[in-house]
Amino acid sequence: MTNRTIQKENTFCAHNYKPLPVVLTRGKGVWLWDDAGNKYLDMMSAYSAVSHGHGHPRLIKALTDQASKLAICSRAFYTDTLAPFLEKLCDMTGLDVALPMNTGAEAVETAIKAARRWGYRMKKIPQNKAEIIVAHGNFHGRTTTIISFSSDADYKADFGPFTPGFVEVPYGDIAALEAAITPNTCAFLVEPIQGEAGIVVPPAGWLKKAAELCKKHNVLLILDEIQSGLGRTGKMFAFEHEGIRPDGLILGKALGGGVMPVSAFVARKDIMDLFNPGSHGSTFGGNPLAAAVGLEALKTLEDEKLAERSAKLGAYMMGKLNAINSRLITDVRGKGLWIGVAIDPKLATARSVCEKLMERGILSKETHETVVRFAPPLVITEAEIDWSIDQLKEVLAELEPKAA
Ligand SMILES: *Cc1c(COP(=O)(O)O)cnc(C)c1O
């Protein structure tokens, strides 16, 4: 069954992913089941999209209740679900106005448009000269404009010509950021912790200094918290670790409560007011189904104290990972329940670790060939973490080259 299903998917689906050979059919909380009934602990959470856990009862209820009333009608009309959702979002982020979209990349595109318009209309940058500073190793999505400023050759090969107007600086380097700012810089777009780059945590204090620099030079600080936000790092938003607030914030993934795509760009009123009817839009953005689910996703994060849980259990898991004595591990890093374990490429591939974890009932995915990601749903328990650590220890012992 599994082999035939995989073969068929490989026949009819484009090969833009390289999945592990498991066919999933069901999920509940932190657990997933394959087509043979085997059970797996989900250490991926769909890149943070499933932070609430699979099939959370409150989110399933919000989804089905709203679907049976009104699901889609476009923003050609007002709906009774959008305002409560966006009010909650503004309230939680401390920002003023939100623009709802669907996927993360669309919300990033929205932020880019907002930053450029602000640059021309408020900062008086000459037409078509606006520059946005981005970080080396960034991941902001897959549209042609967004890959234009990716530093990963695989993301770009033969997809040009690329969108101009982006300047790259090393991640976590405050001097490089200051040197890159020109009178034409409208924004610094960055992840507070780089997810796809391998869960790269910048030096403490860097984001705070970056925020001060942006303020000093009249540059917007726009944070992409699509993956780091909504409790993943042990705070509701990663920017809270440094006591700052961005001018614009991009959210997605967990905003959809693990049941559908919901994203948003949230910003100060003076930035968002530069959008007028006709300047931007999305057929599905802010639809009643998404708004009802988004609101419930936010409320559930608060009610279940999932950010606090991520801080506590993340520290617990980090301690356990750090205590593992294996030559294969070169680094353990992260914040909250978002941890990357770097594997020495001379001894084993991260992929081989993931394949062996899968055989033992843990699903994770390597990122950038050398890092194994541990990002479970935030509802995971201490006992489940203990079990996963035991499995990882066994896998590392199996892969460890025997002393000659
Ligand atoms: C996943 C991700 C995106 C893109 O989101 P999609 O929903 O896949 O378009 C953008 N930025 C960051 C930081 C992400 O992790």
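Predicted model: local features only at pLDDT ≥ 70, side-chain atom pairs only at ≥ 80, totals over all residues.

**Ligand and cysteines**

A backbone N or O atom of A105 lies 2.8 Å from an oxygen atom of the ligand, which I logged as a polar contact (a pair of N or O atoms within 3.5 Å). Numbering starts from 1 along each chain as its sequence is written, and side-chain values use heavy atoms, with hydrogens and water left out.

I then checked G104: a polar backbone atom there is 2.8 Å from an oxygen atom of the ligand. For D224, I found a polar side-chain atom 2.6 Å from a nitrogen atom of the ligand. The ligand taken alone exposes 380 Å², and the protein buries 81% of that (Shrake-Rupley method, 1.4 Å probe).

Who else is around the ligand? I listed neighbours (a heavy atom within 4 Å), including T103, F139, H140, E191 and K253.

Next, cysteines. How many disulfides are there? I got zero, counting pairs of cysteine sulfur atoms within 2.5 Å. C73 is in no disulfide, and its nearest cysteine sulfur, that of C90, is 20 Å away. C73 is partly exposed, at 24% relative accessible area. C186 is in no disulfide either; the sulfur of C214, the nearest one, is 11 Å away. C186 is buried, at 0% (buried is under 20% relative accessible area, exposed over 50%, partly exposed in between; 1.4 Å probe, protein chains only).

Conventions
Polar contact = N/O pair within 3.5 Å; in protein donor to acceptor, adjacent residues only side chain to side chain.
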